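Visitor: I have a structure to go through with you. Could you display it, please?

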Amino acid sequence: MFNSILKQCTLSCTKQIGVPLQFRCLSLSSASFKDNKDLENNTNEGWLKKLLVRRIEPTKEQHSRMLSDKEVIYELQTHNVRPDSTDNYMKNYEQVVQLCQKIPNLKYELIGSWSVRVGDLDQYVHLWKHQGGYAEIDKTNAILVQNKEYTKLRNQCGQFLRSRHLQYLLAFSFWPSIELKSGSNIYEIRSYSLKPGTMIEWGNNWARAINHRRSNDEPFAGFFSQVGRLYNVHHFWCYKNLEVRTQTREAAWMSPGWDECVAYTVPLIKEMQSKILHPTPFSPTQ
């Protein structure tokens with residue numbers, strides 16, 4: 001009877017949120033059944049309860065303040081480029097980067113610049129860093145708007161684009177600090193659209209989960225959105241190549257406790273996607 005109920009509950013959860021097949025076959029590790037007597041006595045620590053999203057207690061503190069330092073804000077630019085204009089776009093954007101490096105008192109730093117190789121093709125992703133919170137972003141925007149060369153380059157860039165999107169992000173405090181990479185690497189950005197009100201729950205689980213993903217120096221950055229599409233999470237991972245990525249991800253599933261972290265976070269997700277990125281020649285991180 002219990003196995004029948006468990007199967008129906010699992011299929012219902014996975015069908016509702018549309019997760020991939022590999023997440024539907026979670027192993028029931030021994031850690032999930034620490035005390036068989038609890039199950040027999042119908043206590044509230046059974047596996048069925050662990051499949052459900054736990055209630056977040058009310059708080060008078062902003063969730064973003066609990067998860068991050070709001071003095072450092074990141075800007076994620078996503079540009080969809082016309083297929084016949086990628087070369088012109090690259091030249092234009094490199095000029096924008098060089099100009100921003102020359103403008104005095106501009107606390108606006110490019111962290112990474114990538115082209116999408118698997119996922120939305122003819123798409124470019126740029127990650128900028130603002131020091132000083134939203135007040136500094138206001139100053140930066142005012143300086144750039146008054147710069148004629150920047151305005152000219154921005155107008156030229158528009159000729160090469162199909163669409164673009166911008167988000168302001170905060171970095172999760174439990175992720176390792178961003179360190180620029182050298183050599184030859186690929187990056188993966190895994191983006192999650194969460195159910196409203198579940199960001200703290202996500203942070204609670206990933207504060208543990210990140211410890212299972214520190215091998216090969218793979219974590220690059222982890223963010224959640226503040227302006228733009230809300231309840232978005234972006235995890236950036238760095239690998240030497242696709243084969244190393246496969247080996248590293250398989251190793252995580254061998255780490256005791258990783259399957260539970262996945263089981264806790266899957267019910268929080270409305271949608272997820274993965275993209276493989278290659279650094280542009282002018283990207284500070286390679």
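Visitor: Which residue in β6 is the bridge partner of Tyr168?
Guide: The partner of Tyr168 in β6 is Val227. Strands here (E, at least two residues) and helices (H or I, at least four) are DSSP runs, numbered from the N terminus. This is a predicted model, in which local features need pLDDT of at least 70 and side-chain atom pairs count only at pLDDT 80 or more, while totals for chains, interfaces and linings use all residues. Residues are numbered from 1 along each chain as its sequence is written, and side-chain values use heavy atoms, with hydrogens and water left out.

Visitor: And what does Tyr168 face in β1?
Guide: Tyr168, in β4, is the bridge partner of Glu75. Strand β1 (residues 72-81) and strand β4 (residues 161-171) run antiparallel and are joined by 8 bridges. Two strands count as paired if DSSP finds at least two bridges between them.

Visitor: How many bridges join β4 to β6?
Guide: There are 4, and β4 runs antiparallel to β6 (residues 219-227). Leu170 stands opposite Phe224 of β6.

Visitor: What do the strands form overall?
Guide: A barrel of 8 strands, closed in the order β1-β3-β2-β8-β5-β7-β6-β4 with antiparallel pairing. From one strand to the next the twist averages 35 degrees; axes are lines fitted to C-alpha atoms, for helices over the stretch in contact, and angles run from 0 to 180 degrees between N-to-C directions.

Visitor: Which strands does α7 touch?
Guide: Helix α7 packs on the sheet and touches β1, β2, β3, β4 and β6, a contact being heavy atoms within 4.5 Å. The direction of α7 makes about 115 degrees with that of β3.

Visitor: Which residues of α7 are buried?
Guide: Gly133, Glu136, Ile137, Thr140 and Leu144 are buried, meaning under 20% relative accessible area with a 1.4 Å probe, protein chains only; exposed is over 50%, and partly exposed lies in between.

Visitor: What covers the buried side?
Guide: The cover of the buried residues of α7 includes α6 (86-102) and α8 (148-158), together with β1, β2, β3 and β4.

Visitor: New topic: where is confidence lowest and where is it highest?
Guide: It is lowest in helix α2 (residues 21-24), at a mean pLDDT of 37, and highest in strand β5 (residues 186-194), at 98. The pLDDT is the predictor's confidence in each residue, from 0 to 100. Over residues 9-60 it is below 50.
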